[in-house]
Amino acid sequence: MISRSFFLLITLLFVVATLHPYADMHTYENTDSVKTINVQVVYYLPKDAKPLPDWQDRINYHIKRAQTFHRREFQGQSKLTIQLTQQPFVSNRTKDEMPKDEVNNFFWFIINEVTESNTVQFAKNAFPILLVMSDHNFSPGYDDWSRVCSGEGCLFDAPHEQCKGHVRHDGDHRPGSRCGGARAVYWAEKHQGFGLVTADGWRVPIKGTDCVFYHEGIGHSIGLPHPEPNDDSVMGTAQYVDAIHQTRVNEEQKRKLGWEEVEINRDDLFSTFSVTHEPLTPLPDTPFTIQAKLPKRFSVQTIVLEYQADLWSEMESNLEPKMKRDEEWQTFEWEYPGLGAGKSLGYKIHVTLDDGTKETLWHYAKAGN
Ligand SMILES: [Zn+2]
């Protein structure tokens, strides 16, 4: 009998362990389960704005990047489900009627308008997050294609040089302008997260816009603060460093969400595929090179460059790459003719491996003087 009940106990323990290998992960310093997160994403358009022709592609790109990152970082202990509403959410207000006094009022106006419309439904048994992708910035002076502020209608004082998009010391562009207004909040009493990514953080996808999407849309929305001391993790300065596959969720923050440590594989295609261009600030009338790089062990079936020289024009794809290999890496290079003075180029590279694995990375170049 002893051995039989012992066997039963072991069986029960085994069943419990299989059903429930980990205690549920939960919101930061709180108890809402984030074992499954359901993010409902809406594209928010002021009444007088024209929707981007390919807004769904742009938003779906960020959704996919965030999901792959979340899966890698939490290894199944938290599952991220995201749905995009298939029609733009058209505001009752024009661009000019949006709140201009204070950026938090701008945030709450948008969040309340979408919430009160009752058009967004969340999946059951999941932590709900409303994530609004705004077509508009808090300050209307900033143009996200040229990444400069004309000053016209800008809500900030001159010099408007301070409104321009973030550019690293090496000349490479990263998302973010003081005109933007992206932010998010975890509202513990409502057991819900609310996030806003403004136009400066996504309409022109560049290295790091995927970090902004995750930072606001998942990180702050489940209560994560900025790390203390600050670091280059996704809740820190990751958006100024590189695309999201290069960063991580800070280990201590993960533990505080109830994550149980397991090993993370950062050797997959998502984690190792990168794109860039050379030089980082191309001269207006000189050809420059767009590059994609991945480990040699991946067998590439196709690799395609798409680009657009204007936010409203269709993507083109008529350049062929040259391939180079060294011990470890394979590099694909496309030569692009001169951009022209003051002009910009948005580009994205799709790679498909022989085993069917796919990745896409999007970036941006702007001509210097
Ligand atoms: Zn933040």
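Visitor: Which residues of α3 are buried?
Guide: This is a predicted model. Helix α3 covers residues 103–116. Its buried residues are Val103, Phe106, Phe107, Ile110, Ile111 and Val114.

Visitor: Why do the buried residues of α3 line one face of the helix?
Guide: An α-helix has 3.6 residues a turn, so residues three or four places apart point the same way. Seen down the axis of α3, the buried residues therefore line one face, as they fall within an arc of 120 degrees.

Visitor: Which exposed residues does the face of α3 turned away from its buried side carry?
Guide: The buried side of α3 packs against several strands, among them β1 (36–45) and β4 (127–134). The face turned away from that side carries Asn112 and Glu116.

Visitor: What distance separates the end C-alpha atoms of α3?
Guide: The helix has 14 residues, and at 1.5 Å a residue it should span 20 Å. The distance between its end C-alpha atoms agrees with this: 20 Å.

Visitor: Is Tyr364 buried or exposed?
Guide: Tyr364 lies in strand β15, residues 358–366. A residue counts as buried if 20 or more other C-beta atoms lie within 10 Å of its own. Tyr364 has 24 within that distance, so it is buried.

Visitor: How many residues of domain 2 are in contact with domain 1?
Guide: The domain assignment gives domain 1 as 18–256 and domain 2 as 269–366. Their centres, taken over C-alpha atoms, are 26 Å apart. Domain 1 contributes 17 residues to the contact, and the number from domain 2 is 14.

Definitions and conventions
Residues are numbered from 1 along each chain as its sequence is written. This is a predicted model: local features need pLDDT of at least 70, side-chain atom pairs count only at pLDDT 80 or more; totals for chains, interfaces and linings use all residues. Helices (H or I, at least four residues) and strands (E, at least two) are DSSP runs, numbered from the N terminus. A residue is buried if 20 or more other C-beta atoms lie within 10 Å of its own, exposed if 12 or fewer, and partly exposed in between; C-beta atoms are placed from the backbone. Domain bounds come from an automatic or database domain assignment. Two residues are in contact if their C-beta atoms, placed from the backbone, lie within 7 Å. The expected span of a helix is 1.5 Å times one less than its number of residues. The arc is that of the directions from the helix axis to the C-beta atoms.
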